[in-house]
Amino acid sequence: MASLETIVAHSIAQEVHSKQKDLAGYSTMNHIYGVSRAVKSLGEDYVVVALLHDTLEDAGSELRPKIEEHIKNTFNKKVIDAVYAITHNADEDYFNDYLAKVLQNPIATRVKIADVKNNLSRLGNIEEKELRNKLETKYKKALEVLGES
């Protein structure tokens, strides 16, 4: 049975992502669920962070303050810190700033590895070969930076 924290994280993810689609046209929630399944064996904090891993960056400027407040008032400090660590902010260079920040947090690191692996596994759904190749290169490099290959 899911804990209250997991249920709330799922609800937040649904609020942010329910109408969003990935680059291949599939529901973003498929990706969110895939990442959360991949880290389930690591414990509840990992599952909660996986469910929330894209919420802040995908919420948009109107919804983000509400989502941030909800996260800060609901979850423990480890989860909150990991959610902020895994959130890619617009002013951060992906490899030099963002992934370096992710690596400072063990929960964020494990969830990000699962995120990148899930993204890699779904590249075949993208029809545009050039985009697919560009993303494959990015994700493989990200796994190297994160200590996975």
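In the predicted model, the crossing of helix H1 and helix H2 is right-handed. Helix H1, which spans residues 4–17, packs against helix H2, residues 28–38, at an angle of about 150°, and the axes of the two helices lie 10 Å apart. Because angles over 145 degrees count as roughly antiparallel, H1 is described as roughly antiparallel to H2. On the side of H1 the contact is made by His10, Ala13, Gln14 and His17, while H2 contributes Thr28, Met29, Ile32 and Tyr33. When these residues are sorted by class, the contact holds 4 nonpolar and 4 polar residues but no charged ones.

The largest pocket has a volume of about 580 Å³. Of the 26 residues that line this pocket, those closest to its centre are His31, Asp54, Asn119, Arg122 and Tyr139. Two or more lining residues are given by each of H2, helix H4 (55–58), helix H7 (94–103), helix H8 (106–121) and helix H9 (129–145), and H8 gives the most, with 4 residues. By class, the lining of the largest pocket comprises 10 nonpolar, 7 polar and 9 charged residues.

The second largest pocket, with a volume of about 190 Å³, is lined by Ala2, Thr6, His10, Tyr33, Ser36, Arg37, Lys40, Val47 and Leu51. Here the elements that give two or more residues to the lining are H1, H2 and helix H3 (44–52), and the largest share, 3 residues, comes from H2. The lining of the second largest pocket divides into 4 nonpolar, 3 polar and 2 charged residues. His10 and Tyr33, which line this pocket, also take part in the contact of H1 with H2.

Terms used: Residues are numbered from 1 along each chain as its sequence is written. This is a predicted model: local features need pLDDT of at least 70, side-chain atom pairs count only at pLDDT 80 or more; totals for chains, interfaces and linings use all residues. Side-chain values use heavy atoms; hydrogens and water are left out. Axes are lines fitted to C-alpha atoms, for helices over the stretch in contact, and angles run from 0 to 180 degrees between N-to-C directions. Angles under 35 degrees count as roughly parallel, over 145 as roughly antiparallel, 65 to 115 as roughly perpendicular and the rest as oblique. A crossing is left-handed if the near helix is turned anticlockwise from the far one by less than a right angle, and right-handed if clockwise. Contact means heavy atoms within 4.5 Å. Ala, Val, Leu, Ile, Met, Phe, Trp, Tyr, Cys and Pro count as nonpolar, Asp, Glu, Lys and Arg as charged, and the others, Gly among them, as polar. On a 1 Å grid over the protein atoms alone, a cavity is a set of points where a 1.4 Å probe fits but cannot get out, and a pocket is an open set with protein on both sides within 12 Å along at least five of seven lines; lining residues have an atom within 4 Å of a point. Grid points are joined across faces, edges and corners, and a volume is the space filled by probe spheres set on the points.
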